[in-house]
Amino acid sequence: MKKVFSEIQRHLRGLRSLRSQIFVLFIVIGIIPSFLVGQAIMESYEQRAVEQRISTVQNQLLIVANHLISNNYLASYNSSDQQYSVSEEVIEAELEMLSNLYEGRVIIIGSNCKVIKDTYGISEGKILISEAVIKCFKGQSTSRYDAEHGYIEMTTPIVSTTDRNADNSANVTPVVQGVMLTSISDDSIVSTMELLNRKALILEALMIIAIVFLAFAISKWLVQPFQRVTDAIHEVKAGYSDESIAVTEYVETVHIVEAFNQVLERMRTLDNSRQEFVANVSHELKTPMASLKVLADSLLAQDNLPVEIYREFMEDMVSEIDRENQIITDLLALVKLDKKVQELNIATISMNDLVELILKRLRPLARKKNIEVVFESDRQVIAEVDEVKMSLVVTNLVENAIKYNEEQGWVKVVLNADHQYFTLEVSDSGPGIPEESLPHIYERFYRVDKSHSREIGGTGLGLAITKSAVLMHRGSIMVSSREGEGTSFWVKIPLNHVTG
Ligand code: ADP
């Protein structure tokens, strides 16, 4: 049962292919109309054959009718003596011949609707009245084809012309003296139709084979470009090619290929940045390790060193280990932010409290350089944010403003809000960021002055983390800086978190 079900499913899936749909369409468009046309031709041929038959027989009947009149057949039959003349015998022979020729029956009805002559000899003397006979007595010959019973019935008036005025031929009045009721077999028509039907069937069979063959070839040809697109994509997938693909036959294939090339380009960019990131991470992690090794080697190389030297070297080694730790912590934070699926842990918090708390934590660092840290806020800002990630944003910006600052400098943090967004501005009196570096400051591991940044404990990941966290909150970040004139960062984030 399961097998049958899966077989049906497989067939249905086959029908969903463009090629099989084109194939079916061709079959439907090709076979049905030609079948209908064949049928119509056969029908019109049958009609025409019947009409021809009727007209031939009617002509013959008219000749016989004229003979009947000219030989006074009806009149003599009506007369009491009922004696056949020679000419009557000739006419009867003529009627017999007619009925034999057309495999039919001829009945001659006199003016009193009495059957005078029946070539079958069964109805003579009987009264025969029918709609067709009455019509015929009015001078109208009729014909009717009964395909079901296989005969054609027709009536022919036997008309005599009474010469009222011998001098004026225009006064000749036709009078219907009797009716010839003839029924003939349609055998010859049926046999011709059968023959034609057989030929038509052979022709139709040949046509179906040709149409199926054509539909197969055309459907294959039409979907070829799509097959080429699939093959090209497979090649890229299998790694044989990383070239952009081009299939220009249809507008549709051009669109598909364009979209695929864009995805490919994006993948390449992602791959490049991943490789670059891995290279940067390895380099950054190796630097403290190299320093550690140098320090340890130099301790090992000398014997009997004073304890103070050991202590000094150990302190240096501890600070290198701290640095390595810092890089790993930042990397982990960044990787966590990179995970798109990661949900934000949204809570309604006071941004004022959060900023105050972070400034309290960072003030000791500022005091080392005698930097004044000022916080300004006109109002309470209550926002729906992820507290941990928002802490990363504020901490990184304020920490940078302190780290990259002069002795005796200042840092100003301004928190504000309208009905939709809150803004956090962090400005400092530091050396500023060179214009050419501004587009790169959010890149991972980018540092304006590498050695100085490392000296003061920078990893080059702070602003990358900040930007990711801001974007996760559907916010934006801007910077304005001039060398020697300090730096300002603006962060703008919606007060209410919108999911989706
Ligand atoms: P780091 O961890 O090295 O501070 P960031 O990503 O936080 O890395 O910053 C990138 C670079 O941008 C820093 O190396 C520094 O040169 C520059 N920068 C960041 N903030 C400031 C600032 N307030 N003033 C001057 N330069 C800054």
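Helix 12 (residues 462-472) lies across strand 11 and strand 12, and runs at about 140° to strand 11. Helices (H or I, at least four residues) and strands (E, at least two) are DSSP runs, numbered from the N terminus. Axes are lines fitted to C-alpha atoms, for helices over the stretch in contact, and angles run from 0 to 180 degrees between N-to-C directions. The model is predicted: local features need pLDDT of at least 70, side-chain atom pairs count only at pLDDT 80 or more, and totals for chains, interfaces and linings use all residues. Residues are numbered from 1 along each chain as its sequence is written, and side-chain values use heavy atoms, with hydrogens and water left out.

**Helix 12**

Nine of the 11 residues of helix 12 are buried, and the helix is mostly covered. Buried means under 20% relative accessible area, exposed over 50%, and partly exposed in between (1.4 Å probe, protein chains only). The buried residues include Gly462, Leu463, Ile465 and Met472. The buried residues of helix 12 pack against helix 8 (307-338), helix 10, strand 11 and strand 12, where contact means heavy atoms within 4.5 Å. Just after helix 12, arginine 474 takes a positive phi of about 60°.

Five strands form an open sheet in the order 7-9-10-12-11, with mixed pairing. Strand 7 (372-377) and strand 11 (476-481) are the edge strands, each pairing on one side only. On average, neighbouring strands of this sheet are turned by 10° against each other, direction ignored. Two strands pair if DSSP finds at least two bridges between them. Strand 7 and strand 9 (residues 410-417) run parallel and are joined by six bridges. Phenylalanine 375 stands opposite valine 413 in strand 9. Helix 10 (residues 387-403) lies across strand 7, strand 9, strand 10 (421-428) and strand 12 (487-494), at about 20° to strand 10.

**Ligand surroundings**

There are 20 residues around the ligand, of which Asn400, Tyr404, Asp428, Thr459 and Leu463 come nearest. A residue is near a molecule or strand if one of its heavy atoms lies within 4 Å of it. Leu463 is also among the buried residues of helix 12. The table gives polar contacts, each a pair of N or O atoms within 3.5 Å; within protein, one must be able to donate a hydrogen and the other to accept it, and residues adjacent in sequence count only if both atoms are side-chain atoms.

| Residue | Atom of the residue | Distance to an oxygen atom of the ligand |
|---|---|---|
| Tyrosine 404 | polar side-chain atom | 2.7 Å |
| Valine 448 | polar backbone atom | 3.3 Å |
| Threonine 459 | backbone N or O atom | 2.9 Å |

**Serine 219**

Serine 219 is found in helix 6 (residues 187-238) and is buried, with a relative accessible area of 1%. A polar atom of the serine 219 side chain lies 3.0 Å from the backbone oxygen of phenylalanine 216. Leaving aside neighbours within four places in sequence, serine 219 is in contact with Arg19, Ile22 and Phe23.

**Cysteines**

A search of the whole structure finds zero disulfides, a disulfide being a pair of cysteine sulfur atoms within 2.5 Å. The sulfur of cysteine 113 has its closest cysteine sulfur in cysteine 136, at 11 Å, which is too far for a bond. Cysteine 113 counts as buried at 16% relative accessibility, and cysteine 136 counts as buried at 0%.
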